[in-house]
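Hi,

Here is the structure I promised to pass on. Have a look at it first, and then read my notes below.

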Amino acid sequence: MKKTLVLLGIAFAIMAMAATIKVGVVLPMTGGISAFGQLTWEGIELAHEMMPTVAGNEVKLILLDNRSEKTEAANAVARAIDKEKVVAILGEVASSHSLAGGAVAEEKHTPMLSPSSTNPLVTQGKKYVSRVCFIDPFQGGAAAVFAAKKLNAKTAVIFTDIQQDYSVGLTNFFMKAFKKLGGRAMQVFYNTGDQDFTAQISTALAFNPDVIFITGYYPEAALISRQARQLGYKGYIMGGDGLEAPELISIGGKAVEGLYFTTHFHAKAAATPMTKKFVAMYEKKFKKEPSALGALGFDAYLILMNAMEKVLKANPDIVNNLQAFRDALAKEIRNTKDFEGATGKITIDKNGNAIKSVVVDVVKNGKFDFAAIINPDEIPM
Ligand code: PHE
């Protein structure tokens with residue numbers, strides 16, 4: 001009897017010590033770019049299943065939908081911090097959303113780790129916002145190298161979504177690098193949600209470009225590709241990571257065959273032993289090939305846990321002091337060194353950015369296929 005009581009006492013003591021750590025996940029689960037939210041969530045869920053506890057504490061994920069809207073992107077972050085009292089936030093995807101949400105996280109001194117927002121401004125001047133992906137000067141430079149050297153393109157027309165910071169930034173970085181490599185480029189503009197691109201395509205075709213480069217997201221890119229082909233365009237079509245969603249192919253159909261885009265991951269470009277593990281786990285759970293966003297979501301969760309583990313091992317009691325925990329975690333995230341993730345070896349620098357290779361995919365037989373890999377030292381900046 002006495003022994004049982006003692007054991008029970010010990011059990012309760014352990015339970016009292018172990019806390020539940022809340023992590024907010026802010027993603028576009030509905031609205032214009034909901035494919036991005038769904039794909040990212042798959043990767044985060046998978047990583048959470050693999051590692052549901054950290055230093056003996058249970059991790060609880062709280063998913064908030066930003067509805068693919070900028071205002072909601074900020075509101076959801078505020079709700080996660082003030083109402084849910086999360087220790088950290090994973091998200092968001094679109095750079096314009098991470099800029100809106102990141103401003104709130106910074107003001108409220110809560111770490112935010114974006115899996116996939118690539119615009120440089122997302123982390124610039126901030127202490128609490130970091131990311132596990134490369135930034136757009138790299139991505140735009142890599143795309144320019146691929147267009148100029150692999151496709152031998154001399155002329156390009158760039159389609160820019162003026163409502164998206166990502167698109168405006170990527171346009172500038174691609175253009176600068178493409179010109180450095182001897183190319184000529186011009187721009188045409190559109191808005192998120194546009195359906196008819198006939199006017200821009202006519203302007204583009206008058207320039208007779210070797211490549212049309214679309215710097216926006218998949219919904220418009222699929223339509224631009226279709227309409228460009230309908231209007232007789234025969235040259236290359238390219239884009240950035242914002243094109244990678246199955247919808248590009250289901251909407252774009254034959255028009256996107258042969259389309260090249262830069263991205264973060266392909267299962268065939270196995271970067272680390274973790275890549276293989278991730279691909280196997282993902283295929284088993286979701287019965288399909290993994291996406292770049294899934295891999296980035298997976299990595300973001302694991303890197304957050306890695307930083308948490310270090311903070312908690314150094315000071316287990318910090319779990320009871322939310323603000324101290326948040327502050328220590330924001331710093332520790334930026335100490336991430338050579339972390340072996342599914343998308344590669346990840347080091348987060350003092351500015352909160354990761355430096356990684358750029359993968360190039362091509363649409364082949366209605367699937368995303370691996371085309372090339374471009375390392376940071378090959379990119380003119
Ligand atoms: N890089 C895009 C942005 O910053 C987001 C994105 C990443 C979309 C990867 C799809 C795949 O807006």
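**What I found**

Let me start with one side chain: Tyr282 counts as buried, as its relative accessibility is 0% (buried is under 20% relative accessible area, exposed over 50%, partly exposed in between, with a 1.4 Å probe and protein chains only). Before going on, some ground rules: this is a predicted model, where local features need pLDDT of at least 70 and side-chain atom pairs count only at pLDDT 80 or more, while totals for chains, interfaces and linings use all residues. Residues are numbered from 1 along each chain as its sequence is written, and side-chain values use heavy atoms, with hydrogens and water left out.

Back to the aromatics. Tyr282 pairs with Phe286 in a tilted arrangement, 4.8 Å centre to centre with 45° between the planes. (Rings of Phe, Tyr and Trp, the last by its six-membered ring, pair if their centres lie within 6.5 Å; planes under 30 degrees apart are stacked, over 60 edge-to-face and the rest tilted.) Both residues sit in helix α10, four residues apart, or about one turn of the helix. Helices here are DSSP runs of H or I with at least four residues, strands are runs of E with at least two, and both are numbered from the N terminus.

The whole structure has 13 aromatic pairs. In one of them, Phe278 and Phe298 have ring centres 4.8 Å apart and planes at 55°, so this pair is tilted. Phe278 belongs to α10 (residues 273-286) and Phe298 to α11 (residues 292-314), so the pair ties together parts that are 20 residues apart in sequence. Both Phe278 and Phe298 are buried. Phe265, Phe278, Tyr282, Phe286 and Phe298 make up one aromatic cluster.

The largest pocket holds about 450 Å³, and of its 22 lining residues, Glu289, Pro290, Ser291, Lys367 and Phe368 are the closest to its centre. On a 1 Å grid over the protein atoms alone, a pocket is an open set of points with protein on both sides within 12 Å along at least five of seven lines, a cavity is a set where a 1.4 Å probe fits but cannot get out, and lining residues have an atom within 4 Å of a point. Points are joined across faces, edges and corners, and a volume is the space filled by probe spheres set on them.

Where does this pocket lie? Domain 1 (2-134 + 271-348) and domain 2 (136-263 + 359-378) both contribute to its lining, so the pocket lies between them; the domain bounds come from an automatic or database assignment. Strand β15 gives the largest share of the pocket lining, three residues.

Most residues other than glycine have a negative phi, and most peptide bonds are trans. The bond from Gly91 to Glu92 is cis, with omega near -10°, and Glu92 is in the loop between β4 (88-91) and α4 (95-107). Arg67 has a positive phi near 55° and is partly exposed at 43%. Asn208, also not a glycine, has a positive phi of about 50° and counts as exposed at 59% relative accessibility.

Cheers
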